[in-house]
Amino acid sequence: MKFLLIALIIVTPFFCGCRKTSSTTAYTSTAYITGPDYGMTMCSGGYFIKIDTVTTLTRFSTLPASSGIDLATATFPIHVRLNWHYQTTPDPCGIIVIDAIAAD
């Protein structure tokens with residue numbers, strides 16, 4: 001009985017160890033959402049965004065639902081960190097799809 005109790009005390013920490021998983025997103029870019037695009041051209045609509053590594057004019061239509069950013073009530077510019085890709089390649093309109101975003 002004593003042996004069983006000692007074995008249980010020794011083995012218990014191995015089965016009850018913490019398993020911490022990282023749910024932190026690593027962002028690849030920083031940017032400023034500068035406001036809505038009210039233009040009336042084929043490439044207009046959505047919102048303007050100035051991404052740190054892109055020199056051309058860039059736009060996006062929607063944000064991921066989990067972003068927590070409400071563009072209807074936001075005060076622009078909004079500094080953000082994000083992961084993104086072009087909607088189509090090559091994209092003459094510079095429209096991107098935002099995969100993950102967080103406001104700073």
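Ring pairs link Tyr47, Phe60 and Phe76 into a cluster, where rings of Phe, Tyr and Trp (its six-membered ring) pair if their centres lie within 6.5 Å, and planes under 30 degrees apart count as stacked, over 60 as edge-to-face and the rest as tilted. This is a predicted model, in which local features need pLDDT of at least 70 and side-chain atom pairs count only at pLDDT 80 or more, while totals for chains, interfaces and linings use all residues. Residues are numbered from 1 along each chain as its sequence is written, and side-chain values use heavy atoms, with hydrogens and water left out.

| Pair | Centre to centre | Angle between planes | Class |
|---|---|---|---|
| Tyr47 and Phe76 | 6.3 Å | 35° | tilted |
| Trp84 and Tyr86 | 5.2 Å | 85° | edge-to-face |

Tyrosine 47 counts as buried at 18% relative accessibility, whereas phenylalanine 76, at 25%, counts as partly exposed; buried means under 20% relative accessible area, exposed over 50%, and partly exposed in between, with a 1.4 Å probe and protein chains only. Phenylalanine 76 is also joined to proline 77 by a cis peptide bond, with omega about 0°, and proline 77 is placed in the loop between strand E3 (58-60) and E4. Strands (E, at least two residues) are DSSP runs, numbered from the N terminus.

Five strands close into a barrel in the order E1-E2-E3-E5-E4, with mixed pairing, where two strands pair if DSSP finds at least two bridges between them. E2 and E3 run antiparallel and are joined by three bridges, and phenylalanine 60 in E3 is the bridge partner of tyrosine 47.

Which residues touch the most other members of the largest nonpolar core? Of its 17 residues, they are Ile33, Ile49, Phe60 and Val80; such a core is a set of buried Ala, Val, Leu, Ile, Met, Phe, Trp, Tyr and Cys residues joined through side-chain atoms within 4.5 Å. E4 gives the most to this core, with four residues.

A search of the whole structure finds one disulfide, defined as a pair of cysteine sulfur atoms within 2.5 Å. The disulfide joins cysteine 43 to cysteine 93, with 1.8 Å from S to S. Cysteine 43 lies in the loop between E1 and E2 and cysteine 93 in the loop between E4 and E5, so the pair ties together parts that are 50 residues apart in sequence. Cysteine 93 is buried, with a relative accessible area of 12%.
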